[in-house]
Amino acid sequence: MLVEQILVVLYLAACIGIGVYASRKVLTSRDEYWVAGRRIGAAVNTMAIMASLASGGSIIGVMGYAYSQGIPATFALFAGAVVGFPLASILVARQLRNFGRYTITDFLAFRFPSPVVRVLVPSLIVIAFTAYIIAQLKAAGITANALLGIPYDTALVVATLVFVTYVSIGGMIAITWTDVVQGVLMLFVVVGTALVVIWRAGSPFALIAQATEVAPELGGLANPEIGSAVGYFIIWATAIPVIPHIVMRVFTARDGRSAQLSLNFAMLAYSVMILAAVLAIVPLGKIAFPDLADADRVFLRVIQSEFPAVIRGIAVAAVLAAVMSTTDALLLACSSAIAHDLLGDLLRRKASDKTLAAIRVASAWVIGILALYWALSPPELLTRFYTAGIGLLSAGLFVPTIAGLWWKRANRAGGLASLVAGAGTYVLALGGVVDFGLPPIVVALSASALAMAAGGLLGAPESPEMREQIAALHADAP
Amino acid sequence: MARGENFFPMRRGEKIALVVLIVFAAASFHPIARSVEVAGMLLFGWLMAALMLLSPLLTLWVFWRGRPRN
């Protein structure tokens, strides 16, 4: 246990050190703080995007889900996000990078100018992402408690203090550097473990054949009802092109092409990691530990039984890295929704650069402390709550963003109608008020698209100047 | 505005990639894929795994082909 604890302390200290170092550059510059000066290259952005998406759930959760629900259902769950990245790279990456602001709210408020957009969009982001941060903190607490023997509450407080410190003072630059370290660590641990397991077994197919002989349910669907799998797939595929912590990564890229490449390379790395985990580590876990009461422990049991203490310590750091690399990106996006989207215009007219920097730091701490408070006694059904939050973002933002970039007849009336109809219908469908026998996200996206079409066809056409500005976003960077 | 001018133009390769990804994903969810088993696992699972690799590789290939030539 001591070796594991020392390695984790070293890792946390390195994260703080990166934040302190980055703070020298970023605290008084909006460009540096929110989008790392827009000069992140494709290789670094690839690893940072991969780490931002790969949460604690991508290491602990994916293997636990495959162990209990079968491999096909697990792939369906994660393939949605993977498909979302190519969609994002084709539909929004070049255009939003050419737009050259800071957040998805900036684009929607420019395309469909209205106070409703300036208030509703960041409010949806804060609600959805706070729930997401609480879930991640809970995962960090459980992991540290199980692997390091640290009490849940202590682990939560330490993890929160560390990541809020480096996010609040180091901004996007600190997040990018720590995410690169965290991404490399995750890939090394998961893919490395899978390669060792495959090398010992001969091939992944031999492993799967052996595992499905012991437990045939591993290759099937525990729940033959496919509706929820379709719903999750669509939620993630449509969320990725508009989800704020990924869109902010697009704004950090050097140019549109670099953004497109890094999104796809990131997903390739992410896919390799998920496939390695599910096709190698889970089958071995099922063979060696067929009756685990807590399926989420399968990765840790395999690591504990197959590897020495140093590797176990690195694995613990990798799990914490997965949690923190997502949480820090969520925290910055949430903080930008408050300090930039909600208060930005008002403050920039009256406040000095120093005051603005203090407000950026303060907003990160307020969200971090609130999330910590709720994570100390997390609400029931938190996972479903935050997945619903991501669904809400997707239902509200996907159609206005895509139509705003691609449909020439998209106008202010259509944009506002589709934003409100998408988010509103999703809440009603999720609550069972509206029920068409379809996943809520399908109903909400359809309502949002209909509202956009009605507004665009019946409302006043957009000005030629706006059309020209949108056409310019589609051009290649010089 | 003419019918064909309702949308900003998308590059041909990107359009094809989008269609391929959507058709592949929709076909993967077809009931037949959930009734056939290959090497101990439902075909649905193998198709989803293939989609996870195909989608970024296909889009990277499209971008590589469309890269600016100096």
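Student: Where does A:Arg38 lie?
Tutor: A:Arg38 lies in the loop of chain A between helix 2 (30-35) and helix 3 (42-53). Keep in mind that this is a predicted model.

Student: Is A:Arg38 buried or exposed?
Tutor: Its relative accessible area is 14%. The cut-off for buried is under 20%, so A:Arg38 counts as buried.

Student: Which residues is A:Arg38 in contact with, leaving aside neighbours within four places in sequence?
Tutor: Among them are A:Asp31, A:Arg97, A:Gly100, A:Tyr102 and A:Phe251. For A:Gly100, the backbone oxygen is 3.0 Å from a polar atom of the A:Arg38 side chain.

Student: Switching to helices. At what angle do helix 8 and helix 12 of chain A pack?
Tutor: Helix 8 (residues 152-201) and helix 12 (residues 256-288) of chain A pack at about 40°, with axes 9 Å apart. They are therefore oblique to each other, and the crossing is left-handed.

Student: Which residues make the contact?
Tutor: Helix 8 of chain A contributes residues including A:Leu187, A:Val190 and A:Ala194, and helix 12 of chain A residues including A:Val272, A:Met273 and A:Ala276. By class, the contact has 15 nonpolar residues, one polar and no charged.

Student: And how do helix 1 and helix 8 of chain A cross?
Tutor: At roughly 75°, where the axes of helix 1 (residues 2-26) and helix 8 of chain A come within 7 Å. The two helices are therefore roughly perpendicular to each other.

Student: How many residues of each class are in that contact?
Tutor: The contact of helix 1 with helix 8 of chain A has 16 nonpolar, seven polar and no charged residues.

Conventions. Residues are numbered from 1 along each chain as its sequence is written. Chains are lettered from A and ligands numbered from 1 in the order in which they are written. This is a predicted model: local features need pLDDT of at least 70, side-chain atom pairs count only at pLDDT 80 or more; totals for chains, interfaces and linings use all residues. Side-chain values use heavy atoms; hydrogens and water are left out. Helices (H or I, at least four residues) and strands (E, at least two) are DSSP runs, numbered from the N terminus. Buried means under 20% relative accessible area, exposed over 50%, partly exposed in between (1.4 Å probe, protein chains only). A polar contact is a pair of N or O atoms within 3.5 Å; within protein, one must be able to donate a hydrogen and the other to accept it, and residues adjacent in sequence count only if both atoms are side-chain atoms. Contact means heavy atoms within 4.5 Å. Axes are lines fitted to C-alpha atoms, for helices over the stretch in contact, and angles run from 0 to 180 degrees between N-to-C directions. Angles under 35 degrees count as roughly parallel, over 145 as roughly antiparallel, 65 to 115 as roughly perpendicular and the rest as oblique. A crossing is left-handed if the near helix is turned anticlockwise from the far one by less than a right angle, and right-handed if clockwise. Ala, Val, Leu, Ile, Met, Phe, Trp, Tyr, Cys and Pro count as nonpolar, Asp, Glu, Lys and Arg as charged, and the others, Gly among them, as polar.
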